[in-house]
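Hi,

Here is the structure I promised to pass on.

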Amino acid sequence: MKTPKKILIMGLPGSGKTTLATELAKLIGAVHWNADAVRANINKDLGFSMEDRIEQARRMGWLCDTVNAAGHVAIADFVCPTDEYRKVFDADCVVWMDAIQEGRFEDTNKVFEVPAKEYAVSVSDAVGLTSEPLVTEKLLMVIASFPAKS
């Protein structure tokens with residue numbers, strides 16, 4: 001099974017992005033970048049304005065590109081609330097954690113855009129919202145069906 005090189009796991013805060021990303025990274029031997037950890041250590045200069053969120057997406061994308069250049073799969077988990085931010089990140093595969101309808105931050109809820117079905121796989125469609133574990137063979141097959149960019 002061929003895995004896309006740059007995987008984005010996105011969704012509202014509290015939707016389970018980090019849990020899925022951690023499990024998936026262990027299973028496929030990928031490098032995992034968590035947005036909260038990156039903000040706390042690398043992107044301390046960024047806030048949550050629209051401009052700063054776009055810069056966060058660009059930097060997260062660059063971190064993943066660097067991992068890809070070394071020959072490894074990279075997984076990033078972060079809110080990435082709009083199509084514009086997702087385009088800046090430029091993932092091979094987008095997994096949408098659609099387990100919740102609202103997150104704990106009202107400003108994020110207001111700007112959040114549901115990704116288009118042709119652009120992202122929703123976890124509820126791939127594994128069901130009550131599925132344990134989150135990383136199932138079906139989800140791996142769906143992720144593998146996204147062609148890696150050259």
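**Charges over rings**

Arg 39 lies over the face of Phe 48, 4.0 Å from the ring centre. By the rule used here, a charge sits over a ring if NZ of Lys or CZ of Arg is within 6 Å of the ring centre and within 35 degrees of the ring normal. Arg 86 does this too: its charged end sits over the ring of Phe 112, 5.7 Å from the centre.

**Before you read on**

This is a predicted model, in which local features need pLDDT of at least 70 and side-chain atom pairs count only at pLDDT 80 or more, while totals for chains, interfaces and linings use all residues. Residues are numbered from 1 along each chain as its sequence is written, and side-chain values use heavy atoms, with hydrogens and water left out.

As for confidence, pLDDT is the predictor's own score for each residue, from 0 to 100. The mean over the protein chain is 81, and 75% of the residues reach 70 or more. Strand S2 (residues 31-34) has the highest confidence, at 97, and helix H6 (residues 123-126) the lowest, at a mean of 56. Where pLDDT is low, the predicted coordinates should not be read in detail.

**The overall picture**

The protein chain has 7 helices and 5 strands, and along the sequence they run β-α-β-α-α-β-α-β-α-β-α-α.

Of the 150 residues, 49% count as buried. Buried means under 20% relative accessible area, exposed means over 50%, and partly exposed is in between (1.4 Å probe, protein chains only). The chain exposes about 7,700 Å², with carbon and sulfur atoms supplying 56% of that; the areas come from the Shrake-Rupley method with a 1.4 Å probe, and for residues only the protein chains shown count as cover.

Contact here means heavy atoms within 4.5 Å. Among contacts with a separation of 6 or more, 77% are between residues 24 or more positions apart.

**The Phe pair**

How many aromatic pairs are there? The count comes to 1. The ring centres of Phe 78 and Phe 89 are 5.5 Å apart and their planes are at 65°, so the pair is edge-to-face. Phe 78 is in the loop between strand S3 (74-77) and helix H4 (83-89), and Phe 89 is in helix H4, 11 residues apart. Both Phe 78 and Phe 89 are buried. The rule takes rings of Phe, Tyr and Trp (its six-membered ring) with centres within 6.5 Å; planes under 30 degrees apart are stacked, over 60 edge-to-face, and the rest tilted.

Cys 64 is buried, at 0% relative accessible area, and Cys 80 is buried at 2%.

Cys 80 sits in the loop between S3 and H4, and its phi is near 45°, a positive value in a residue other than glycine. Asp 90 also has a positive phi, near 65°. Asp 90 is in the loop between H4 and strand S4 (93-97) and, at 40% relative accessibility, counts as partly exposed. For context, most residues other than glycine have a negative phi.

- Leu 12 is in the loop between strand S1 (6-11) and helix H1 (17-28), and it counts as buried because its relative accessibility is 5%. Leaving aside neighbours within four places in sequence, its contacts include Lys 17, Ile 100, Thr 108 and Phe 112. Leu 12 and Phe 105 are 93 residues apart in sequence but 8.8 Å apart in space, C-alpha to C-alpha.
- Ala 35 belongs to helix H2 (residues 35-41) and is buried at 8%. Beyond its neighbours within four places, Ala 35 touches Gln 56, Met 60, Asp 77 and Phe 78. Its C-alpha is 9.2 Å from that of Ala 57, 22 residues apart along the chain.
- Val 111 lies in helix H5 (residues 106-111) and is buried, with a relative accessible area of 19%. Val 111 and Met 50 are 61 residues apart in sequence and 9.4 Å apart, C-alpha to C-alpha.

Cheers

Definitions and conventions: Helices (H or I, at least four residues) and strands (E, at least two) are DSSP runs, numbered from the N terminus.
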